[in-house]
Amino acid sequence: MKKETIVTTAGRRPKENFGIVNPPVYHASTVLFPSMAAHDEARKHPLEGVIYGRMGTPTTRAFEEAVAALEGGFRTVSLASGLNALTTAVLALVKSGDHILVSDSVYGPLRKFCDEFLTRFGVETTYFDPLIGGAIADLMRKSTRLVCTESPGSLTFEVQDIPAISAAAHANGALVMTDNTWSAGLYFQPFAHGVDISVQAATKYIVGHSDAMLGAITVASEEHWQMVKTTAVKLGLCAGPDDCYLGQRGIRTLAVRLARHQQNALALARWLQGRPEVARVVHPALPQDPGHQLWKRDFTGASGLFGVMLRPFPKAAVDALIDALELFGLGYSWGGYESLIVPAHPEGARSAVPWQVGGPYLRLHAGLEDSADQIADLEHGFAALHKAA
Ligand SMILES: *Cc1c(COP(=O)(O)O)cnc(C)c1O
């Protein structure tokens with residue numbers, strides 16, 4: 001089945017729920033067993049049954065089933081946020097004495113987790129050039145257990161050669177994790193490109209309406225599912241039922257929403273390329289982008305998030321631009337239906353390869369508003385920029 005069909009069907013069981021289209025929301029802590037025999041039987045399969053709210057309910061499993069189908073993986077574990085999913089995946093796979101390789105372009109808080117948390121437990125991190133490709137083999141040690149990727153990086157948008165990185169990692173006995181939030185699982189098939197663990201901040205495109213925090217870890221094998229699920233259970237982690245419900249509901253419209261995000265982002269990107277204030281539009285679907293060839297090879301689309309590097313302008317002028325916007329909100333958590341803009345400073349979070357600062361850098365999320373209205377809004381912004389410059 002095609003993705004558009006999968007997202008409308010996966011994880012739903014109307015026949016088991018009076019024909020009701022959407023899975024019900026089970027609010028649960030206590031689960032009552034009808035008899036000691038049923039209790040003893042359920043305890044034999046603690047990860048599968050309905051035993052205790054924290055361990056999983058039909059609501060969490062409906063969401064997990066839908067995400068697993070979307071990502072093309074074996075199974076999914078739901079977590080309370082995207083960051084929680086990233087850190088839980090890492091904790092499930094590493095032990096004291098291990099070495100991990102992390103792309104210089106990963107989500108900032110994951111970097112903080114590696115530097116300020118994993119170090120306390122004797123796990124060492126080396127950051128690598130996102131464009132390293134197969135040469136990552138040179139950074140592998142005997143103790144290298146995991147390679148963390150994110151393609152394209154959600155701040156700097158470098159496209160990574162995931163198949164080459166995966167081949168080198170696997171040759172060294174290491175696993176590959178990717179943060180697949182940008183593609184939402186729709187425009188990049190992680191497991192077909194060699195990834196072992198795909199993590200999404202479902203908070204973003206899957207929920208899609210800026211109203212819930214949710215994360216998902218999808219794995220390719222039963223073995224890795226056991227490792228991730230038992231880690232989540234040991235740490236006492238679980239996603240809330242209402243958030244899982246919103247996640248599975250969001251998935252139903254993901255394909256149409258993402259197509260519109262893509263279309264609006266491309267229209268904005270092309271318009272911005274023609275603006276004299278803009279030094280570079282950082283968007284892998286543009287033929288001029290350094291990551292374009294890899295993107296074309298491995299992705300089937302682009303979502304709504306991209307970067308814009310301005311020519312040098314004073315901070316006050318850039319502030320005036322942002323403050324003048326009406327449709328573009330100033331905020332971080334993208335993937336909702338609304339347009340967003342935020343100034344970013346990727347140079348501060350790099351250690352393997354410097355981020356070349358040309359001028360003020362802005363990250364834009366193209367929402368679902370009318371494209372011409374979005375462009376008109378930015379036009380007002382540029383007028384304010386010049387006024388304040
Ligand atoms: C937002 C985001 C996360 C974290 O998700 P939360 O749900 O906010 O914790 C992780 N990775 C990427 C790429 C993100 O954009």
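Me: By class, how many nonpolar, polar and charged residues are in the lining of the largest pocket?
Reply: A pocket is an open set of points on a 1 Å grid over the protein atoms alone, with protein on both sides within 12 Å along at least five of seven lines, and lining residues have an atom within 4 Å of a point. Ala, Val, Leu, Ile, Met, Phe, Trp, Tyr, Cys and Pro count as nonpolar, Asp, Glu, Lys and Arg as charged, and the others, with Gly, as polar. By these classes the lining of the largest pocket has 16 nonpolar, 10 polar and 7 charged residues.

Me: What pLDDT do side-chain atom pairs need in this predicted model?
Reply: Residues are numbered from 1 along each chain as its sequence is written, and side-chain values use heavy atoms, leaving out hydrogens and water. The model is predicted: totals for chains, interfaces and linings use all residues, local features need pLDDT of at least 70, and side-chain atom pairs count only at pLDDT 80 or more.

Me: What volume does the largest pocket have, and which residues are closest to its centre?
Reply: Volume is the space filled by probe spheres set on grid points, which are joined across faces, edges and corners. For the largest pocket this gives about 680 Å³. Of its 33 lining residues, the closest to the centre are Tyr107, Gly108, Pro109, Ser154 and Arg363.

Me: Which elements give two or more residues to the lining of the largest pocket, and which domains does it lie between?
Reply: Helices (H or I, at least four residues) and strands (E, at least two) are DSSP runs numbered from the N terminus; those giving two or more residues are α4 (82-93), α5 (108-116), β6 (197-201) and β11 (340-344). Domain bounds come from an automatic or database domain assignment. Both domains give residues to the lining, so the largest pocket lies between domain 1 (3-251) and domain 2 (254-388).

Me: Which residues lie nearest the centre of the second largest pocket?
Reply: About 310 Å³ of space lies in this pocket, and its lining draws at least three residues from each of domain 1 and domain 2. By class that lining has 11 nonpolar, 3 polar and 5 charged residues. Of its 19 lining residues, those nearest the centre are Leu131, Glu158, Arg280, Pro290 and Trp355.

Me: How many residues of domain 1 are in contact with how many of domain 2?
Reply: The C-alpha centres of the two domains lie 28 Å apart. Contact means heavy atoms within 4.5 Å. By that cut-off, 39 residues of domain 1 are in contact with 40 of domain 2.

Me: Which residues line the largest cavity?
Reply: A cavity is a set of grid points where a 1.4 Å probe fits but cannot get out; the structure holds 3 of 30 Å³ or more. The largest has a volume of about 50 Å³, and its lining has 9 nonpolar, no polar and no charged residues. These are Leu272, Val308, Leu310, Leu321, Ile341, Leu362, Leu364, Leu378 and Phe382.

Me: Is Gln160 buried or exposed?
Reply: Gln160 is found in the loop between β4 (144-150) and α6 (162-171). Beyond four places in sequence, its contacts include Ser103, Phe128, Glu150 and Leu294. Buried means under 20% relative accessible area, exposed over 50% and partly exposed in between (1.4 Å probe, protein chains only). At 1% relative accessibility, Gln160 counts as buried.

Me: What relative accessibility does Ser210 have, and what does Ala184 have?
Reply: Phi is positive in both residues, near 55° for Ser210 and near 60° for Ala184. Ser210 is in the loop between β6 and β7 (215-219), while Ala184 is in the loop between β5 (175-179) and β6. Ser210 counts as partly exposed at 42%, and Ala184 counts as buried at 0%.
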